Protein chains: 2
Amino acid sequence: METVGILSPGDMGHTVGERLRTHGLRVIAHLKDRSARTRGLAAKAGIEEVETFEALAEEADVLLCILVPAAAEEAAQKTAQAIRNTGADVLYADCNAVAPETTKRIGAIISEAGGRFVDASIIGPPPRREGATRFYASGEHAGSLAKLEAYGLDVPVVSERIGDASAVKMCYAGLTKGLTALCTNLLVAAEALGVREALFAEYNLSQGPMLKRMEGGLPGMPPKSRRWVGEMEEIAATMASVGMSPKFHEGAAEIYRLVGSSTLADRTPEDPDEPTLEEMLRVLVKML
Amino acid sequence: METVGILSPGDMGHTVGERLRTHGLRVIAHLKDRSARTRGLAAKAGIEEVETFEALAEEADVLLCILVPAAAEEAAQKTAQAIRNTGADVLYADCNAVAPETTKRIGAIISEAGGRFVDASIIGPPPRREGATRFYASGEHAGSLAKLEAYGLDVPVVSERIGDASAVKMCYAGLTKGLTALCTNLLVAAEALGVREALFAEYNLSQGPMLKRMEGGLPGMPPKSRRWVGEMEEIAATMASVGMSPKFHEGAAEIYRLVGSSTLADRTPEDPDEPTLEEMLRVLVKML
């Protein structure tokens, strides 16, 4: 294993690329049509630019697809076309937060073009420090992706089944991001109802760890809210696929859409001026 | 203050009655049409039975209405009729988990009959030990209810506004019981998808306190699930009343309805044989 292609080096992707590069791999990306911010992140991470999608498919031993859920299928289709055009032998890992059924569709696109497909899902923050982030993998080629463990990534193999790595991610993010959405929903309502102070006093008495989680976690969410809308919709679809209620995560998508339409979402994670929880609630309650 | 009437001495009500009684008050209830279990709990708590609703209204200095949400309005109507029949001077505290709009309707029923109404809401477990449970109160007569602080209850006054005590409860239980429902939804889905073990391993690594909360809290939920359905619907209505998403708590109502239709819900909180989380999930996944 020598070269890894990243589609695309955004917040998560460029950190993964940087980690693999500092562990001895060459990392490449196709950056045409990408934002100035993504190009800047790629340059900072030492990711090399290749000119065409075909070059990406030919030069990479592994392609890691790390995008927003809505872009996952199109990226697979472009890759399938590049595989057909070049005859390249590609190991393609869809690392996106998508439903098992979506992963299976994407896997079929890659396999039918002759690529080897791995269902992968990322749990944890962009992997800057050791041990905080895992790349769950499933499917018959999951063991091949696990070779990246020699280059700084944790790649636990879940099973031989395409869909299982995605299922773990859906149930995990369904809790973490679902809870963030639930808390935001309730706190904005409390602000609108005029009982925020009494509620916080009670949380402080009997839900101390949860209050700390909210105060620590909620103000950093708005810059990510827009891309979480699609993830919540994938989780809702996952719940519905086994007969459980999709409504929690449909509600979570609504909240992230509301937050994403506010000025709070115009910050980037690099901006230093994170609002306090109270400031965030005051902005959101005005949007009702 | 000498006599408190409890409508009705169920799990929460009989414990409240017992606490007031051991702190020197006479506690009475009207037990006609009540279940054998409720009559037994009342007897155990030393609550005296009165023969008619009129006697309850006449003899009680305070009436505490502690019921499932769906029964709250009917109880207020029966009390209003008893006030009209007797001319009794009643302080009536609706302690139920209902939306602020529901509380306002109930308050109007009592006030129009000549009673003094308090919006109250209980946060915490049945008050067996000191300091764990609070009776939030709001409205112009909240201070009168706060006299129960001399008899073993914590009664923080939120405001002069009817609806505020209920709003605190809705946003609080919206988090605690909403989170329990969200976790149940996700864990049953993980079981159905065949990834429960991988998910628990990841929760254990990165969501330890949340996993402990689930293992400790979820197995005790089924006996309460049936009465939580209505509470979730009141929370959904509260969210919608200020323009926030009702979907989380509509989803929570669905989950509690599913759990409530299982044999798990036939236990009572007194039964010693609480299932493990894994046993609970195995029962629920069969209902999909």
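In this predicted model, chain A is superposed on chain B by a rotation of 180° with 0.0 Å of shift along its axis, and the RMSD of that superposition is 0.0 Å. That is the relation of a two-fold axis. The same surface serves both copies, since 98% of the contact residues of chain A recur in chain B. The points below take up the axis and the interface, then chain A as a whole, and finally one of its strands.

**Axis and interface**

- Among the residues of chain A, F248(A) comes closest to the rotation axis, with its C-alpha at 2.1 Å.
- The contact between the two copies involves 44 residues of chain A and 43 residues of chain B.
- On the side of chain A that touches chain B, at least two residues each are supplied by α7 (164-193), α8 (196-206), α9 (208-217), α10 (222-241) and α11 (247-260) of chain A.
- Of these elements, α7(A) gives the largest share of the side of chain A that touches chain B, namely 18 residues.
- By residue class, the side of chain A that touches chain B is made up of 28 nonpolar, ten polar and six charged residues.

**Chain A as a whole**

- Chain A contains twelve helices and eight strands, and its C-alpha atoms fill a box of roughly 65 × 45 × 30 Å when this is taken along the principal axes.
- A compact globule of 288 residues would have a radius of gyration near 19 Å, and the 20 Å of chain A agrees with that expectation.
- Of the 288 residues of chain A, 55% count as buried.

- Strand β7 of chain A, which spans residues 134-138, is mostly covered, with five of its five residues buried.
- R134(A), Y136(A) and S138(A) point one way from β7(A), whereas F135(A) and A137(A) point the other way, and residues on both sides are buried.
- Strand β6 of chain A (residues 116-123) runs antiparallel to β7(A) and is joined to it by five bridges; within this pairing, D119(A) stands opposite S138(A).
- Strand β8 of chain A (residues 157-159) pairs with β7(A) in the parallel sense over two bridges, and here S159(A) in β8(A) stands opposite S138(A).

Notes. Residues numbered from 1 in each chain as written. Chains lettered and ligands numbered in written order. Predicted model: local features only at pLDDT ≥ 70, side-chain atom pairs only at ≥ 80, totals over all residues. Least-squares fit on C-alpha atoms with pLDDT ≥ 70 in both. Contact = placed C-beta atoms within 7 Å. Helix = DSSP H or I, 4+ residues; strand = E, 2+ residues; numbered from the N terminus. Rg over C-alpha atoms; globule rule 2.2 N^0.38 Å. Buried ≥ 20, exposed ≤ 12 C-beta atoms within 10 Å, placed from the backbone. Nonpolar A, V, L, I, M, F, W, Y, C, P; charged D, E, K, R; others polar. Pairing = 2+ DSSP bridges.
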